Amino acid sequence: MAVPLSDSEKRKQISVRGIAGLGDVAEIRKSFNRHLHFTLVKDRNVATPRDYFFALAHTVRDHLVGRWIRTQQYYYEKDPKRIYYLSLEFYMGRTLQNTMVNLGLQNACDEAIYQLGLDLEELEEIEEDAGLGNGGLGRLAACFLDSMATLGLAAYGYGIRYEFGIFNQKIVNGWQVEEADDWLRYGNPWEKARPEYMLPVHFYGRVVHTPNEVKWVDTQVHLLKNEYLSTYLNVGDYIQAVLDRNLAENISRVLYPNDNFFEGKELRLKQEYFVVAATLQDIIRRFKSSKFGCRDPVRTCFETFPDKVAIQLNDTHPALSIPELIRIFVDVEHMDWDKAWEITKRTCAYTNHTVLPEALERWPVSMFEKLLPRHLEIIYAINQKHLDHVASLFPGDVDRLRRMSIIEEGDCKRINMAHLCVIGSHAVNGVAQIHSEIVKNSVFKDFYEIEPEKFQNKTNGITPRRWLLLCNPGLSEVIVERIGEDFLTDLNQLKKLLDFVDDEAFIRDVAKVKQENKQKFSAYLEEQYKVKINASSMFDVHVKRIHEYKRQLLNCLHIITLYNREFFANPKKSYVPRTVMIGGKAAPGYHMAKKIIRLITAIGEIINNDPYIGDRLKVIFLENYRVSLAEKVIPAADLSEQISTAGTEASGTGNMKFMLNGALTIGTMDGANVEMAEEAGEDNLFIFGMRVDDVEAMDKNGYSAKEYYDRIPELKQVIDQINSGFFSPNDPSCFQDVVNMLMYHDRFKVFADYEAYIKCQGQVDQLYMNPRKWTKMVIKNIACSGKFSSDRTITEYAREIWGVEPSAVKIPPPNIPRE
């Protein structure tokens with residue numbers, strides 16, 4: 001049970017979290033009881049903890065509603081340019097604590113809930129994560145929404161509210177098992193349905209050309225609410241139509257659980273068109289109705305459309321926005337083609353998120369022909385005009401035309417969605433400097449040569465509200481005491497902490513907060529996994545989606561090497577105790593990723609039960625890694641593993657969260673690690689391994705894993721142990737396909753970086769044995785993490801892509817009369 005804070009502690013508290021005034025506390029208690037009674041229809045005799053959570057959520061939501069309506073009114077009156085962020089994923093996590101923090105209500109709620117004899121933390125733990133994303137791309141979209149609101153932009157996120165989000169991961173006998181994420185089972189207090197805005201979305205059908213117009217006819221119509229419509233003639237067909245609603249409702253049923261992998265399923269294409277068609281209808285409705293409260297069309301001329309609308313495509317998933325916007329302009333609004341194309345291009349911008357070829361969307365033409373016949377025609381027309389232009393610049397260069405075409409010829413003709421996005425957008429950006437260079441010099445090299453001015457970099461960022469203030473209040477407080485609280489909306493102010501690098505009291509406070517976070521997380525782990533954790537061991541954390549390119553296998557090789565050294569090689573030597581935590585989900589159909597999880601759990605089974613090793617080395621697989629678990633593990637981490645092969649991770653954002661929360665990074669020069677090293681100085685990160693140029697050279701000359709295996713005795717020992725069944729005594733051949741991949745088919749060159757990684761981990765150990773020097777390096781990292789705020793990222797998008805300026809105007813809350 002939480003204990004109320006003393007007066008001195010209250011004075012110390014961060015004012016952004018809200019001063020708990022007596023009036024506020026009484027009001028929250030009253031509102032809580034009212035919702036328990038009138039919304040949930042319960043009293044304290046029969047209410048469950050979940051009822052208390054919902055009563056509190058509705059209480060907090062009440063504080064949002066008035067602000068929400070005021071904001072809508074303000075935008076209708078001022079009619080600013082609107083920003084529309086289209087994404088198939090928004091990985092929001094939990095909302096209750098985030099809303100309390102952002103509204104400055106947390107302390108008042110804490111006190112009110114305590115007075116009611118309840119525990120706020122326990123209620124927060126009841127909330128389901130809104131897991132409407134796979135990983136980085138979806139969580140980035142969520143951070144961007146936070147920053148767009150903070151910066152006063154008239155911005156909207158459009159996506160699908162899936163009934164089932166990313167699966168819940170259970171580890172059964174060491175293997176990943178997927179369970180449906182029924183996150184809406186008890187309802188969602190943070191959403192408000194708008195059935196009055198129900199919209200039709202068309203599929204299938206055929207295209208009819210007449211002298212005056214083009215019509216898409218005989219379509220199947222889905223309403224945005226997923227109701228299925230059709231004209232049936234008799235009762236039997238009517239019954240069938242009602243039964244068929246289940247098929248229609250499948251569109252928003254479930255998030256596809258693939259990260260960095262394209263599967264090409266028809267239902268996924270339906271989802272992509274569904275979100276685009278509904279969104280664009282809403283955008284055009286809002287564009288036409290410029291005055292508040294007016295649903296009648298006001299604007300009929302679309303000349304000003306790009307001055308009032310910016311559409312950002314989060315990867316290629318919403319790429320159909322381009323042909324759909326042209327279809328609306330040409331077929332519905334009867335605009336001529338060239339004008340429609342010019343307006344579409346000035347409106348849309350595209351963010352590329354990956355360079356992995358298997359992740360690029362390449363839809364079969366035959367699927368489009370059946371599902372979206374009019375869009376296929378439009379894409380062919382876009383492609384023809386594009387290729388005519390390329391041919392005029394490079395006469396006779398047939399190979400260039402083939403490389404740059406939207407349509408890929410072959411046994412199965414395909415539509416390259418990335419090419420469609422690049423051609424149909426006025427701006428294309430990568431998500432870290434190194435990634436944006438690869439985009440220009442490799443992935444879209446031909447396009448960059450023709451339109452270099454189109455290509456930009458926008459290094460990703462994270463919101464400091466969730467990823468510092470919410471998840472690490474102890475560290476936030478220590479920082480506020482030194483530099484004030486303005487850093488929460490201007491993260492560059494953390495630079496001021498460089499003045500405290502040698503301040504003994506600050507060094508002590510930062511180390512103390514980290515130790516408290518570790519003890520809290522240790523207690524959580526012991527409760528969850530029944531493993532005794534040494535809270536003074538180094539917490540070595542590797543959390544992200546399980547994928548070969550992220551090289552969880554390299555981490556496994558290090559763990560086994562450490563074990564061999566402690567057990568066999570030099571048992572007398574004093575080693576730095578470590579608790580290695582690896583977490584992340586594998587796509588259900590990704591066999592190798594699932595094997596990697598099984599290898600991690602198998603290594604843990606052997607090491608954790610070895611009485612000789614004791615608590616000097618523990619290996620824990622963090623089951624069901626998600627946003628709410630990240631909020632617990634990141635503040636407790638000492639070492640952050642960011643070890644992808646150079647040139648494969650577009651940016652990474654977990655790396656930034658760890659840096660901001662006082663973990664040191666061991667990593668390759670990949671993604672945003674490069675810029676983190678630039679900001680903090682390479683000496684303040686543990687950088688190892690091949691650079692992009694080295695990887696490219698190795699690709700040219702050939703990579704032979706066997707050479708490393710034969711040359712490095714410790715590596716050979718580790719691989720032989722895995723291969724022989726040392727870690728899988730009940731199934732000795734269990735990991736032979738993992739070894740076979742590493743030896744003969746490893747695209748990501750794990751062995752090539754093994755020696756450098758092991759050596760670098762030795763340097764980590766050396767520094768960890770000097771806590772003062774370690775903490776000084778931590779402080780330098782925190783102080784230099786300001787660049788990685790999503791506020792900075794969104795400010796750059798706003799000024800350089802969307803053509804809008806962030807606004808500091810505070811719209812008065814509902815209790816203050818408007819002027």
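The lining of the largest cavity is made up of 19 nonpolar, 17 polar and 14 charged residues. This is a predicted model, and the cavity in question has a volume of about 940 Å³. Seven cavities of 30 Å³ or more turn up when the whole structure is searched. In the largest cavity, 50 residues form the lining, and those closest to the centre are Asn134, Gly135, Gly136, Leu137 and Asp259. Helices α7 (136-150), α24 (627-633) and α25 (654-660) each contribute at least two residues to that lining.

On the scale of the whole protein chain, the secondary structure amounts to 33 helices and 24 strands. The C-alpha atoms occupy a box of roughly 90 × 75 × 60 Å along the principal axes. For 819 residues, a compact globule would have a radius of gyration near 28 Å, and the 28 Å of the protein chain agrees with this.

Two open sheets are described here. Strands of a sheet are held in pairs by backbone hydrogen bonds, in either a parallel or an antiparallel arrangement. The table sets out both.

| Strand order | Number of strands | Pairing |
|---|---|---|
| β4-β1-β12-β13-β17-β18 | six strands | parallel |
| β14-β16-β15 | three strands | antiparallel |

In the six-stranded sheet, the edge positions belong to β4 (155-158) and β18 (455-457); each has a single partner strand, so one side of each lacks a neighbour in the sheet. Neighbouring strands of this sheet are turned against each other by 25° on average, with direction ignored. Within the sheet, β13 (residues 348-351) pairs with β17 (residues 427-430) in the parallel sense, over three bridges. Tyr350 has Val428 in β17 as its bridge partner. Helix α12 (residues 337-347) packs on this sheet, where it touches β12 (309-314) and β13, and the direction of α12 makes about 45° with that of β13.

Strand β14 and strand β16 (residues 414-416) run antiparallel and are joined by three bridges. Here the bridge partner of Arg362 is Asn416, in β16.

Key: Residues are numbered from 1 along each chain as its sequence is written. This is a predicted model: local features need pLDDT of at least 70, side-chain atom pairs count only at pLDDT 80 or more; totals for chains, interfaces and linings use all residues. Side-chain values use heavy atoms; hydrogens and water are left out. Two strands pair if DSSP finds at least two bridges between them. Helices (H or I, at least four residues) and strands (E, at least two) are DSSP runs, numbered from the N terminus. Axes are lines fitted to C-alpha atoms, for helices over the stretch in contact, and angles run from 0 to 180 degrees between N-to-C directions. Contact means heavy atoms within 4.5 Å. On a 1 Å grid over the protein atoms alone, a cavity is a set of points where a 1.4 Å probe fits but cannot get out, and a pocket is an open set with protein on both sides within 12 Å along at least five of seven lines; lining residues have an atom within 4 Å of a point. Grid points are joined across faces, edges and corners, and a volume is the space filled by probe spheres set on the points. Ala, Val, Leu, Ile, Met, Phe, Trp, Tyr, Cys and Pro count as nonpolar, Asp, Glu, Lys and Arg as charged, and the others, Gly among them, as polar. The radius of gyration is taken over C-alpha atoms; the globule rule is 2.2 Å times the number of residues to the power 0.38.
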